Amino acid sequence: MRAPMLIPFIAIAIGVLTALDGFGVWLGLASVIAGVSLYLYILAARNQLTRFFRLSPLHYVWIAFCFCGIGNIAGNISSYNSPSPDLLNHIAAIEGTVENIEEKAIGDIVSLECHRLYWENGNPDSKNRFKVRMTVPAFTHNIGDRILFPADKLREIKTSEKLDNTSYVKAMKERGFYYSIKISDNQITKVGHSLSLDYYSYDLRNKFVAFIEKQPLQSNTRNFLISVLSGDKTYLDDETRTLFANAGVAHILALSGFHIGIIGSILLLILFPLNFAGKYKLRYFLTALLLWIYTFLTGFSPSLVRACTMISVFILAMILERKNTALNSLCLAGFLILLFSPYSLLDVGFQLSFVCVGALILFSSHLNPIDYRFHPKLHNLAALILASIISTTASWIIVAYHFHTFPINFLPANLLILPLMPIYILIALLYLCLRLFDIDLYYIEIFLNKLYDYALSFMKDLGEGTVLEVSPPGWTVVLWMAMLAVMAYFLNRKHYKPFT
């Protein structure tokens, strides 16, 4: 299986890890220089064919050095440097840009990227770049606003709170948050606004969520639709999220390639008439474009960017009539995400998304014992069962490492709920489209409400007492991933067929 982007993807991920571990940009520059030097050394032997041929394996080495260095540099550029508590004692005010707003019962949780400190004498200081988690009873500003607030109530995050069953302090620092503050809205001053894609994305998402909230559905059904269509899981209460997690289907709440696949299929079905005009390439191009618009609407989550990049690469290869592989598209998507957003490597969704999709690409076709040519229906049924087994087997240790739990009954839950999700989302989207014209859809409302209630009841019965509590150390995660990589290598060797 050809995947020329595999080495650049792995190398840039290693480079980002070195930056996150505290290695400065000097290491990245040294790595790039070493890679370029090795390339020049190989190039100097191009007139000596025998020597040039012997040195050809070193092409992988110089590529790895260069992209490892690029990953380190990108990680250091994107890193956050926290001002010390002693320094903050002499700071009067802080200026930052609003990145995100979450509505909670305790108030609005605002994520700020702070880029300027003001000393007590009024002089500005722009050397430090860090994030602040701000709690405001009623926040009246928007994403993209530059705000000024007093620094006297700023507190270092060092409590023992928990965030998704992981260390709260560690999780916050990995995302760049070193300080938190509780403040009232009248203590905040807006000093400007930075127009950004995040602002427009947030604004459109809010309008979409507000439209769903107005529909005459049950509140729990509305909240579920908001979660799976907009990616905003704050509307789901902790009990509901626990039900999904205990049943092993929490992944359907997080926007991913699964959702992109459903919406992409719906778009391809709607645009099918273009095939009659011989515009099948235009049909796929418009589908990719609309999927990117949907990704923009939902805030460019790494899993959606990954899925859209893969689809776009496939469609571009089809339009240009060039060969491409799923693994290469996955690696290209990961490379681009880490290049522009190195801290995505720490995102649990990013890790689960790439591990699950990579495992499906590398293992599914080889482990399916049913030949599609002779038994297509049985092959598809086996593929559906294998998809749950493979993705869960590959990613269980990541779930256990971050959340310290593992659901035992994941297979029956996935086999029942996953096939119903495309139907449910299709009917929900049809319902929302018709509601734009104020068409009364009583029976569709009953269907959406009842099916969701039945799913919750099923997950509650299935998840009770079937969750293991495990806390694997970090080295076991690395060992498990290495073992999967070795297995994938042998399975994907040419002429290797495990079921022949």
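Contact here means heavy atoms within 4.5 Å. The model is predicted.

Start with Asp108. Asp108 sits in strand S2, which spans residues 107–119. One runs through Ile101, Glu102 and Glu103. The other takes in Met134, Thr135, Val136, Pro137, Ala138 and Phe139. Is Asp108 buried or exposed? Its relative accessibility is 13%. Buried means under 20%, so Asp108 counts as buried.

Turn now to the helix pairs. Two packed helices are described by the angle between their axes and the distance between the axes.

Take helix H1 (residues 6–20) and helix H4 (residues 58–77). Their axes are 6 Å apart, and the packing angle is about 40 degrees. That angle makes H1 oblique to H4. The crossing is right-handed. Which residues of H1 and H4 meet? H1 contributes Ile7, Pro8, Ala11, Ile12, Ile14, Gly15, Val16, Thr18 and Ala19. H4 answers with Tyr60, Ile63, Ala64, Phe67, Cys68, Ile70, Gly71, Asn72, Gly75 and Asn76. Sorted by class, this H1–H4 contact holds 13 nonpolar and 6 polar residues, with no charged residues.

The next pair is helix H7 (residues 197–213) and helix H8 (residues 219–230). Their axes come within 9 Å and cross at roughly 155 degrees. Angles over 145 degrees count as roughly antiparallel, and H7 and H8 are therefore roughly antiparallel to each other. This crossing, too, is right-handed. From H7, the contact uses Arg205, Phe208, Val209, Ile212 and Glu213. From H8, the contact uses Arg222, Leu225, Ile226, Leu229 and Ser230. By class, the H7–H8 contact has 6 nonpolar residues, 1 polar residue and 3 charged residues.

Finish at Leu491. Leu491 lies in helix H18, which covers residues 474–491. With a relative accessible area of 9%, Leu491 is buried. How far apart are the C-alpha atoms of Leu491 and Leu367? They are separated by 8.9 Å, although the two residues are 124 residues apart along the chain.

Methods:
Residues numbered from 1 in each chain as written. Predicted model: local features only at pLDDT ≥ 70, side-chain atom pairs only at ≥ 80, totals over all residues. Heavy atoms only, no water. Helix = DSSP H or I, 4+ residues; strand = E, 2+ residues; numbered from the N terminus. Buried < 20%, exposed > 50% of the residue type's maximum accessible area, 1.4 Å probe, protein only. Axes fitted to C-alpha atoms, helices over the stretch in contact; angles between N-to-C directions. Parallel < 35°, antiparallel > 145°, perpendicular 65-115°, else oblique. Left-handed = near helix turned anticlockwise from the far one by under 90°. Nonpolar A, V, L, I, M, F, W, Y, C, P; charged D, E, K, R; others polar. Lists of a residue's contacts leave out its neighbours within four places in sequence.
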